[in-house]
Amino acid sequence: MSSLLKAVTLEVIRRQYGARWGSCRPSWTPLLLYPLSRRVASPTVADWLLRLPLGAAGVLMGTRFTASRESLWDQAMKDATLAAGGDQTEQTRVFDIVRGAPWPAIYPGRALKNTFSARWNGREDALSAEQKQQEEIYLKTAPDDFGTRVVWAGESVDLIKDSPAASEIIERVVAQAAEILAQGAKLVRNTPRTV
Ligand SMILES: Cc1cc2nc3c(=O)[nH]c(=O)nc-3n(C[C@H](O)[C@H](O)[C@H](O)COP(=O)(O)O)c2cc1C
């Protein structure tokens, strides 16, 4: 691989996953696998695929499975997930604060934007100060009032268009991984060597 391509590969990984990847040895595999993540509709699949060649042993995949048949989410929440776009999501702590949830503040979750988050984002201290009153108001709203209530969702929620069985999601991931790897291998074979 040319040094320019190595630098670009490294930069893609660094931008996607932060500076901690900066010292990793560049590899073609992440670039070949990245398009798959767009197809299986979860950015965390990209995490998984990119980290495997770097030594990872597992994957977290949340949003895709919330819209699976076995998910315990209410139908209204699943419907909100299916209807949402990635641009409608944001990282926020306000839903954890209002519920008094012991979620670590350094890992803010990603959720669908709504009137509640618009009101309190940037005013987390004020929300904490009146947590008890605000939680009471929050809990008085209907469970499917998503203008106030939280729907956790990752950025590529816009690619989630159905609620299949969890087993089918896994089968799709595996089938698409095999397909993308085969396509990627073909690309590498057909690239003329420059060094
Ligand atoms: C079932 C479920 C529960 C979650 N609960 C929380 C939570 O209590 N607090 C929080 O900050 N984020 C929560 N999240 C959001 C995740 O931290 C994450 O930001 C979001 O799901 C997007 O990532 P993903 O694509 O891996 O799902 C939850 C996500 C899911 C799927």
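**Exposed, buried and packed residues in a predicted model**

Trainee: Why is Thr115 called exposed?

Mentor: Thr115 has 11 other C-beta atoms within 10 Å. The label exposed applies at 12 or fewer, so Thr115 is exposed. Bear in mind that this is a predicted model.

Trainee: Where does Thr115 lie, and what does it touch?

Mentor: Thr115 is in helix α7, which covers residues 115-120. Leaving out residues up to four places away in sequence, Thr115 touches Gly147 and Thr148. Its C-alpha is also 8.6 Å from that of Phe146, a residue 31 positions away in sequence.

Trainee: What makes Gly100 exposed?

Mentor: The count for Gly100 is 10 other C-beta atoms within 10 Å. With the limit for exposed at 12 or fewer, Gly100 is therefore exposed. Gly100 sits in the loop between α6 and β2.

Trainee: Which residues are in contact with Gly100 once neighbours within four places in sequence are set aside?

Mentor: Gln131 and Glu135. Glu135 is 35 residues from Gly100 along the chain, and their C-alpha atoms are separated by 8.2 Å.

Trainee: Why is Ala76 called partly exposed?

Mentor: Ala76 has 15 other C-beta atoms within 10 Å. Buried needs 20 or more and exposed needs 12 or fewer; 15 falls in between, so Ala76 is partly exposed. Ala76 is placed in helix α5.

Trainee: Which residues of α5 are buried?

Mentor: Met77, Ala80 and Thr81.

Trainee: Which residues stand out in the largest nonpolar core?

Mentor: That core has 16 residues, and the ones touching the most other members are Ala80, Val94, Phe95, Ala111, Leu112, Val151 and Ala153. The elements giving two or more residues to the core are α5 (75-83), α6 (94-99) and β2 (109-112). The largest share, 4 residues, is from α6.

Trainee: What does Val94 touch, not counting residues up to four places away in sequence?

Mentor: Val94 touches Phe116, Ser117, Trp120, Asn121, Glu124 and Leu127.

Trainee: What is the overall make-up of the protein chain?

Mentor: The chain has 10 helices and 2 strands, in the order α-α-α-α-α-β-α-β-α-α-α-α. Of its 195 residues, 22% are buried. Among contacts with a separation of 6 or more, 65% join residues 24 or more positions apart.

Trainee: How many residues of the protein chain, as a percentage, reach a pLDDT of 70 or more?

Mentor: The figure is 68%, and the mean pLDDT of the chain is 78.

Trainee: Where does pLDDT stay under 50?

Mentor: Over residues 8-43, for which the model has 55 contacts beyond four places in sequence.

Definitions and conventions. Residues are numbered from 1 along each chain as its sequence is written. This is a predicted model: local features need pLDDT of at least 70, side-chain atom pairs count only at pLDDT 80 or more; totals for chains, interfaces and linings use all residues. A nonpolar core is a set of buried Ala, Val, Leu, Ile, Met, Phe, Trp, Tyr and Cys residues joined through C-beta atoms within 7 Å. Two residues are in contact if their C-beta atoms, placed from the backbone, lie within 7 Å. pLDDT is the predictor's confidence in each residue, from 0 to 100.
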